Every structure is written in C-alpha cells, then in structure tokens.
Amino acid sequence: MLSAANEAAALERLHELKCTDGLPVVVPTEARVARMALASGLDRDLALGEMGPGKGIATVEKVAVAAVMAGCLPDYMPLVIASVKAVLDPRFDLTEMQATTHCTAPLILVNGPARHGIGPIACGFGALGAGHRANASIGRALRLAMINIGGGRPGESDMALLGHPGKFTYCLGEDEEASPFSPLHVDLGFAPEDSTVTVIGAEAPHSVLFSGDGDDPESADRLLGCLAIGLANIATNNAVLTGGAAVVLLNPEHAAVLADAGLDRGGIAERLHGLCAHSPDDLARYAAAFAPRRTESAANSRRSCFASPDDILVAVAGGTGLYSMVMPTWCAGPHRNRAVSVQVEMDQFCEIPTEDP
C-alpha cells in the first residue's frame, strides 16, 4: 500500500516507480479500486492466472487497479477481464511476447453486443485512433496490467527494440453492421448473441491502398494481391519465420469488393494463404540467416507464410474509402503467438454509480 500527501504527489510517485506507461494515470485509491472490482461481479481476490515474465498473479483486484489507472469506467470491466484472460491463455505466449525484441503488442478485437452496451466501442472512422474513450482505456488497462502484474518494462524485461504506439493501447471493434460477412466471432464458433474479445500480438497497422473499379472483373484479385503484399512482404516475420498468424482489417468498401466477387471470410483467407508465399531465391537473398537450405527439389517451390488459412483473421472496420489495414505478427514462441478468443461474461457484471468518491 502506497501513500502520498496528495494526488499530484501520488502521480509522481507512480511515475518514479515505473508503474505507468509514461502518460498520466488516474491514481488508484482504495475506494476507486473497490468500486472497479465490484463492477466485475467477481471476488476481488479471485486469481485469473500468472502473468509473465514477472510471474505476478493477476487477481481481479490487481486488474481493477490497472483499469482505474487507465481511466476505465466500471462498465468496461467485463472487457478488461476478458482481455486479461485471453493473454493469460498459454497459446498467446505472453511471457515470450513480453520479452521479445520484436515490436509486437496485444491487439484487442471486440465482437458482439458488448460493442454497443459497453462503451460504446468504436468500429468505424478512426477506430484505432484518438477520441474513443472505451477503446483507449480498455487497451491501456491491459498494457498497465502487463507492466505492473507481468513486469513488462522497457529495457528490463520488455526488450522490444523500438516498440510501436499500440503498446500504449490497441483496441477496436468489428463493424458487424457494415460488414457483408458474418461476424468474426460467429465464424470462430461463438453464438451471434455472445460478446467476445479476440486478442493477438501484432505489429502496428500497415496501410493498404486500393482503389476499386466496379467495371473491372479483376478488381477483387488486385485487392487480394495488395493485401498479400502488405501482409507478408519479405521484410515481415510472417514471411521469414512463418507459421504464425496475422490480421486483415477491411474497410467496408473493400469488404464489398470481395463479397461481390463471391468471397466470404473463409474464401478471403484461403486466397490470401495461397498468395502469401515466397521463393527460395528471395528468402536466400533477403533473409539468408532464416532461409531454409536450398535443394534442387525445392528450387521451384514457394514457402507459404502461413500454416493454414485459419491463421489469417479477417475483420471489417474503419471508414469507407481507399485504405484497409493489415497487421503482421511475431510468429514466435512455443505456440507461435496464437490469436485467442474469450467470451465476455456479462452475467456477473454489477452496475454501480460512476461518481468519484
């Protein structure tokens, strides 16, 4: 338990102890933390799991501290809890991901009714940018938990050479209403009425520029080609290490181009899986240290960047226009830094007043 003469002194003390992400935080007083923990509907001592690399135990109370510091409203706690559960899943490889030199950060993709009932979660114009409190504070709460429970501090245990701004916060919703496809969580096996978070360790968004032409029968093919170039160019871990996952965020206009060509989410992923491949010569030239040994039988073959189309997550978000986004990933760790989906438990949420005591 820390004490200080006033809130300004408390904030400075938190900065000195490296408990912040470098930006000002809300001071987690006992009353604020108690209110946030109460909103979860869970016992504040409940242990959600061990958070690496520091092996801190992520209790509901400790997660509530992170949520308070991040500026969350109590309404956001179910999504924060679900996001923490996702990164604690062994398939996410959190310990290794926190310690890598790669720039990876947890991207939170929200699906289902919670996008509107909690927040709301921005899904359209500027969804990954400034101005959206729920997106910003939910993603930030996860990062602060990773710092203070997991011990991921730059240059000490978090060895990312540069990182990227998503290491402050990286959260958005899928725009299911503007999508021509079934929602991502439904294709992942959840019911339409479920709310979920899908979390994956990802690079910063790579912009993909494409201008469609309704009179061009090859428009969809050209768009897929552009997405594949951004997703798995020879400079990405996806191309060099292979075997990981990646994210494709289609704006509604680009999603319509592919849907009009008869492609659903699975068809898009399958086509991209085929396009995201490189020749042995290119790998030997640009990534010699990681290239497989070149043999005569493999001289004319191409190495796929993904083990399966299922490893390419396709979602619809953002404003309509020229730009979609792709997010390559780290592709390392025992489980190749898998995407993990967790259902948001709304039944236990306790609605409480938001006034600050």
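Predicted model: local features only at pLDDT ≥ 70, side-chain atom pairs only at ≥ 80, totals over all residues.
## Overall fold

The chain contains 13 helices and 12 strands. Its radius of gyration is 21 Å, close to the 21 Å that the globule rule gives for 357 residues, so the chain is as compact as a globular protein of that length. Along the principal axes, the C-alpha atoms fill a box of roughly 70 × 45 × 30 Å.

Of the 357 residues, 52% count as buried.

## Helix H9 against H12

Helix H9 spans residues 219-231, and helix H12 spans residues 265-275. Their axes lie 9 Å apart and pack at an angle of about 60°. The crossing is right-handed.

On the H9 side, the contact uses Asp 221, Leu 224, Gly 225, Leu 227 and Ala 228. On the H12 side, it uses Ile 268, Arg 271, Leu 272 and Leu 275. By class, the contact of H9 with H12 has six nonpolar, one polar and two charged residues.

## Helix H9 against H11

H9 also packs on helix H11, residues 252-260. Here the axes come within 8 Å and cross at roughly 125°. H9 is therefore oblique to H11 as well. This crossing is left-handed.

Ser 219, Ala 220, Leu 223 and Leu 224 of H9 make this contact with His 254, Val 257 and Leu 258 of H11. The class count is five nonpolar, two polar and no charged residues. Leu 224 is listed in the contact with H11 and also in the contact with H12.

Arg 222 lies in H9. Its relative accessibility is 35%, so Arg 222 counts as partly exposed. Beyond its neighbours within four places in sequence, Arg 222 is in contact with Phe 210, Ser 211, Asp 213 and Asp 216. Ser 211 is 11 residues away along the chain, and its C-alpha atom is separated from that of Arg 222 by 9.6 Å.

Thr 236 sits in the loop between H9 and helix H10, residues 237-240. Thr 236 is buried, with a relative accessible area of 4%. Leaving aside neighbours within four places in sequence, Thr 236 is in contact with Leu 231 and Pro 328. Leu 231 falls within the residue range of H9, and Pro 328 lies elsewhere in the sequence.

Arg 140 belongs to helix H7, residues 133-148. At 11% relative accessibility, Arg 140 counts as buried, because the cut-off is under 20%.

Residues up to four places away in sequence are not counted in what follows. Arg 140 touches Asp 21, Leu 23, Pro 24 and Val 25, among others. Arg 140 also touches Met 69 and Ala 70, along with Phe 168 and Thr 169.

Most peptide bonds are trans.

Pro 53 is in the loop between strand E1 (47-51) and strand E2 (56-59). Pro 120 lies in the loop between helix H6 (114-117) and H7.

## Positive phi in loops

Most residues other than glycine have a negative phi. Asp 93 has a positive phi, near 60°. Asp 93 is placed in the loop between helix H4 (77-88) and helix H5 (94-99). With a relative accessible area of 2%, Asp 93 is buried.

Asn 337 also has a positive phi, of about 55°, although it is not a glycine. Asn 337 is found in the loop between strand E11 (323-327) and strand E12 (340-343). Its relative accessible area is 0%, so Asn 337 is buried.

How values were computed: Residues numbered from 1 in each chain as written. Heavy atoms only, no water. Axes fitted to C-alpha atoms, helices over the stretch in contact; angles between N-to-C directions. Helix = DSSP H or I, 4+ residues; strand = E, 2+ residues; numbered from the N terminus. Left-handed = near helix turned anticlockwise from the far one by under 90°. Contact = heavy atoms within 4.5 Å. Nonpolar A, V, L, I, M, F, W, Y, C, P; charged D, E, K, R; others polar. Buried < 20%, exposed > 50% of the residue type's maximum accessible area, 1.4 Å probe, protein only. Rg over C-alpha atoms; globule rule 2.2 N^0.38 Å. Parallel < 35°, antiparallel > 145°, perpendicular 65-115°, else oblique.
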